Amino acid sequence: MGRITESFKKNRQNKSKALVGFVTAGDPDFETSKKIILSMCYAGIDVLELGIPFSDPSADGPVIQRSSMRALKNGMTMEKAMDMVREIRKHHSIPIVLFSYYNPVLAYGAAKFQKDAMEAGADGVLIVDLPPEESEELTSQWDDREFPLIRLIAPTTGIERAKSIAAGAKGFLYLISKTGVTGSGGLDTSKTGEYADMVRKVTDMPVCTGFGISKPEDARALAAFGDGIVIGSAFERAIEDNIGKSDIDEKLAAMVRSFKEAIK
Amino acid sequence: MKKIDSYNYPDSKGHFGPYGGRYVGETLMPAIIELEEAYKKYLDDDNFKKDLSKLLNNYAGRPTPVTFASRLTEFAGGAKIYLKREDLTHTGAHKINNTIGQALLAKYMGKNRLIAETGAGQHGVATATVAALFGMECKVFMGSEDIRRQAPNVQRMRLLGSEVIPVDSGTGTLKDAMNEALRYWSAEVETTFYVIGSVAGPHPYPVMVREFQKIIGEEAKAQMIKEEGRLPDTIIACVGGGSNAMGLFYDFIQEDVEIIGVEAAGEGTDTPKHAATLNLGTTGVLHGSKSYVLQDSSGQIMEAHSVSAGLDYPGVGPEHSFLKDIGRVQYVTATDSDAIHAFKTLCRTEGIIPALESSHALAAAIREAGKRKKDDIILVCLSGRGDKDLAHVATLIEKGGF
């Protein structure tokens with residue numbers, strides 16, 4: 001059983017909810033980023049979603065776009081993202097899901113991507129612009145080791161489509177909590193909750209909700225409907241606000257603790 | 001390669017060989033599937049076809065003529081040059097063919113809000129125009145750099161009742177406007193119809209836009225037979241995203257006609273400042289489809305450059321990538337300077353002010369005509385008129401060098 005599955009299983013057994021934390025690898029620079037990520041791991045995120053920046057992140061909002069630009073400007077590449085995974089692996093056994101857009105993965109090479117990611121210690125990948133319809137060209141080049149391609153379900157996804165997405169999914173399902181891009185406002189937690197409930201009726205896969213969760217109370221409300229929540233832009237906003245400050249890692253760790261507390 | 005016997009692309013999943021497809025976030029997938037179903041249903045629907053044809057004839061001003069450019073032919077000193085006059089359509093560019101089609105589809109689907117992205121502003125103006133015609137709400141995303149370069153079109157869109165939303169992210173050009181339009185669409189997907197302006201984007205956009213633009217080639221074919229009793233030897237169009245080119249090319253793919261697409265070489269293909277995606281790009285995924293893109297070795301998209309805002313795009317429609325790979329279309333380049341010379345030449349020889357985009361095709365046509373026999377025929381798509389470019393070109397000429 002992979003680290004991702006194990007983590008969700010353990011959370012289910014303990015009746016606790018998972019906090020999936022997204023951070024852009026290399027934001028603002030490699031060393032600071034590593035310090036922030038490790039500090040978040042120790043503060044208690046359950047799954048690390050490590051963003052590999054792309055120049056044209058059209059599914060993300062301005063906060064993550066700016067974080068991607070900072071990382072790219074400071075030299076972040078797929079190779080260095082793999083180094084980052086290796087560095088984290090030296091210190092922590094947290095499940096690591098790589099997050100990116102398809103183009104950087106395609107440029108790196110499908111088979112090489114799986115091989116290098118697994119060898120570095122990553123546990124799966126989420127590619128936001130690669131729907132199930134197109135994903136075979138990637139996964140057909142992978143060997144048969146367990147390396148889940150995390151699937152997304154959106155509020156616009158009809159329940160039949162959700163069922164078929166869930167049927168082909170591994171690891172966990174990422175339920176997008178609102179239409180729109182990451183980090184935007186207008187989250188309706190009760191509407192999302194109803195949809196999450198519906199999705200959970202058609203699958204046994206662990207379901208995490210994310211997009212637009214910035215406050216501990218939203219996190220609490222949504223965690224109740226599934227197996228966990230994903231926080232991204234809120235962390236990236238805090239990184240942006242604390243660039244150059246020596247306690248940036250401690251600030252992020254404190255945020256992790258407050259979200260963990262909220263979803264207990 | 002001059003002729004291929006059978007051409008039946010895209011396949012049912014929207015693939016042109018290895019290109020095309022749909023690479024978007026899950027939020028947009030259901031909308032794209034809904035659009036595909038609607039597009040298939042209505043394109044065969046008699047009422048839709050009747051409405052579309054009526055609008056194209058009585059509102060857009062189709063058919064557009066082909067004009068024999070006798071003084072340009074004399075100037076070039078070789079083959080006869082004909083112009084397919086998309087500049088004579090309502091709003092002054094081929095873009096109107098597609099926006100009428102898509103807005104009508106939106107109406108049939110019961111959607112009352114249009115969004116669009118625009119580079120040169122021609123697609124934005126065409127979308128704003130049909131939005132006004134149908135009484136629809138319309139927002140147009142436009143890079144702030146392009147807003148500066150294309151002021152008259154911005155004024156036009158606002159007059160027509162559309163909201164022009166400046167996009168500052170990235171390079172402030174077409175690619176960034178497209179990212180922003182995709183973001184807005186993700187948020188408002190249930191009520192909004194996204195009018196994509198080129199044969200780019202996720203399936204079904206490339207095939208749908210081609211369907212709405214193929215009338216250019218169909219008309220041109222009949223008109224050339226009427227004028228000259230035969231098809232042209234060579235047809236030429238500029239390629240940014242590639243919609244006027246696909247519109248002209250499509251009906252000629254299975255004919256014994258040479259086809260040339262012209263990309264913007266900007267300051268030269270030996271400099272980093274160009275937009276020659278098919279000539280210098282590599283396979284990648286941008287804005288929903290797989291195609292040639294300008295990117296670095298890590299898959300990060302590079303900035304494109306062209307004097308013409310409409311060609312300043314690091315991607316290209318997937319069908320062009322396929323036509324390049326199978327060798328059916330030859331893709332050449334013209335520099336900023338070539339285009340400005342061609343722009344001035346057409347003004348002075350024919351009394352026609354061409355769009356800077358179309359001037360790239362003209363530059364290649366003048367070059368090719370000079371190498372050919374006098375009874376050869378070259379047909380160029382004059383995709384739009386150049387009023388929008390006057391201030392820009394005047395500044396460039398003033399700065400010298402042209």
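Student: What lines the largest pocket, and which residues lie nearest its centre?

Tutor: This is a predicted model, and in it 18 residues line the largest pocket, with Thr139(A), Leu149(A), Arg151(A), Gly168(A) and Lys170(A) nearest the centre. Helix α8 of chain A, residues 159-167, gives the largest share of that lining, three residues. The pocket's volume is about 380 Å³.

Student: What makes Arg151(A) and Lys170(A) charged, and how many residues of each class are in the lining of the largest pocket?

Tutor: Lys and Arg belong to the charged class, along with Asp and Glu, so Arg151(A) and Lys170(A) both go there. By class, the pocket lining has eight charged, six nonpolar and four polar residues.

Student: Now the cavities. Why is a space called a cavity and not a pocket?

Tutor: A 1.4 Å probe fits in a cavity but cannot get out, whereas a pocket is open. Nine cavities of 30 Å³ or more turn up in this structure.

Student: Which residues lie nearest the centre of the largest cavity?

Tutor: Lys95(B), Leu174(B), Gly197(B), Gly241(B) and Gly310(B), out of 31 lining residues. In chain B, β5 (113-118), α5, α8 (174-187) and α11 (243-249) each give two or more residues to that lining. About 370 Å³ of space lies inside.

Student: What about the second largest cavity: which residues are nearest its centre?

Tutor: Ser58(A), Ala59(A) and Asp129(A) from chain A, plus Val24(B) and Gly25(B) from chain B, among 23 lining residues.

Student: Last one. Why is α4(B) called oblique to α5(B)?

Tutor: Helix α4 (95-109) and helix α5 (122-134) of chain B pack at about 40 degrees, with axes 9 Å apart. Roughly parallel needs under 35 degrees and roughly perpendicular starts at 65, so α4(B) is oblique to α5(B). Their crossing is right-handed.

Student: How do you know which residues meet?

Tutor: Contact takes heavy atoms within 4.5 Å. Among those that meet are Ile96(B), Ile100(B) and Leu104(B) in α4(B), and Ala126(B), Val130(B) and Phe134(B) in α5(B). By class, this contact has seven nonpolar, six polar and two charged residues.

Notes
Residues are numbered from 1 along each chain as its sequence is written. Chains are lettered from A and ligands numbered from 1 in the order in which they are written. This is a predicted model: local features need pLDDT of at least 70, side-chain atom pairs count only at pLDDT 80 or more; totals for chains, interfaces and linings use all residues. Side-chain values use heavy atoms; hydrogens and water are left out. Axes are lines fitted to C-alpha atoms, for helices over the stretch in contact, and angles run from 0 to 180 degrees between N-to-C directions. Helices (H or I, at least four residues) and strands (E, at least two) are DSSP runs, numbered from the N terminus. Angles under 35 degrees count as roughly parallel, over 145 as roughly antiparallel, 65 to 115 as roughly perpendicular and the rest as oblique. A crossing is left-handed if the near helix is turned anticlockwise from the far one by less than a right angle, and right-handed if clockwise. On a 1 Å grid over the protein atoms alone, a cavity is a set of points where a 1.4 Å probe fits but cannot get out, and a pocket is an open set with protein on both sides within 12 Å along at least five of seven lines; lining residues have an atom within 4 Å of a point. Grid points are joined across faces, edges and corners, and a volume is the space filled by probe spheres set on the points.
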